[in-house]
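The questions below ask how the terms used for a fold follow from their definitions. Please keep the structure in view while reading.

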Amino acid sequence: MNIVILGPPGVGKGTYAGFLSKKYNIPKISVGDLFRTAIKDRTELGKKIKDYVSSGDLVPDEIVIELVKNRLEEDDCKRGFLLDGYPRTVPQAEAMMKFKKIDVALNFVAPDEVIMERIGGRRTCRKCGAIYHIKNVPPTIDGVCDRCTGRLVQRSDEKPEVIKNRLVVYREKTKPVGDYLRKKGLLVDIDANYPIEEIDKIISQCEKHLKKLT
Ligand SMILES: [Zn+2]
């Protein structure tokens with residue numbers, strides 16, 4: 001089962017992919033992680049990626065494509081995979097069609113207000129990095145970490161105006177890829193507008209679509 005995961009930042013892609021990865025026993029591959037590992041291991045591709053990232057430029061398609069292609073050729077992907085963070089552009093999607101078949105693209109959707117509340121409510125401990133949510137996972141004492149009594153702060157990229165901008169950029173950038181996959185009949189919308197306690201409602205929608213593939 002070759003599955004592509006799409007959805008805006010904060011929609012919970014990583015969590016859903018984690019569930020599905022365990023359930024179907026296929027690896028969850030995040031392109032962000034591939035970047036970080038390649039940079040850390042100082043591979044040829046990693047050195048190039050580092051140059052782009054540190055100058056604030058987008059990593060060009062041909063580099064991303066090569067990195068992902070190499071990873072998907074590894075043994076653990078033979079039975080399938082969940083790919084998060086790729087394709088981001090139409091050329092990346094077209095390239096993938098040539099080296100790996102995509103069975104389905106799960107497109108997780110939730111209203112902007114819901115995402116804003118999910119990310120905007122996060123608070124991170126300055127000392128130990130523990131993550132809380134003012135509504136869903138509140139600390140015992142306001143603004144204080146339960147584990148280490150460190151101070152809880154809102155990360156700068158989780159402030160409302162920044163999240164709003166990240167969502168706008170996401171929609172502009174990924175719309176063409178979504179349209180492309182939809183035209184190919186591969187895109188399936190998954191309603192992710194449920195609180196975390198009802199995550200099974202999100203997962204069961206995925207399972208319903210994945211069942212058709214097996
Ligand atoms: Zn702490």
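Q: What makes strand 1 and strand 3 a pair, and how do they run?
A: In this predicted model, four bridges join strand 1 (residues 2-6) to strand 3, and the two run parallel. Two strands pair if there are at least two bridges between them, so strand 1 and strand 3 count as paired. Within strand 3, Leu83 is the bridge partner of Val4.

Q: How do you know that strand 2 pairs with strand 3?
A: Strand 2 (residues 28-30) is joined to strand 3 by three bridges, in parallel, and the requirement is at least two, so this too is a pair. Asp84 in strand 3 is the bridge partner of Ser30.

Q: What joins strand 1 to strand 4?
A: Four bridges join strand 1 to strand 4 (residues 104-109), and these strands run parallel; Ile3 stands opposite Val104 of strand 4.

Q: Why are strand 2 and strand 8 called edge strands?
A: The open sheet has five strands in the order 2-3-1-4-8, with parallel pairing. Strand 2 and strand 8 (187-191) each pair on one side only, and these are the edge strands. Neighbouring strands of this sheet are turned by 25° against each other on average, direction ignored.

Q: Which strands does helix 8 touch?
A: Helix 8 (residues 199-211) packs on the sheet and touches strand 1, strand 4 and strand 8, with its direction at about 155° to that of strand 8.

Q: Why are both faces of strand 3 said to be covered?
A: Side chains in a regular strand alternate between the two faces of the sheet. Phe81 and Leu83 on one side, and Leu82 and Asp84 on the other, are all buried, which means under 20% relative accessible area, and so both faces of strand 3 (residues 81-84) are covered.

Terms used. Residues are numbered from 1 along each chain as its sequence is written. This is a predicted model: local features need pLDDT of at least 70, side-chain atom pairs count only at pLDDT 80 or more; totals for chains, interfaces and linings use all residues. Side-chain values use heavy atoms; hydrogens and water are left out. Buried means under 20% relative accessible area, exposed over 50%, partly exposed in between (1.4 Å probe, protein chains only). Axes are lines fitted to C-alpha atoms, for helices over the stretch in contact, and angles run from 0 to 180 degrees between N-to-C directions. Contact means heavy atoms within 4.5 Å.
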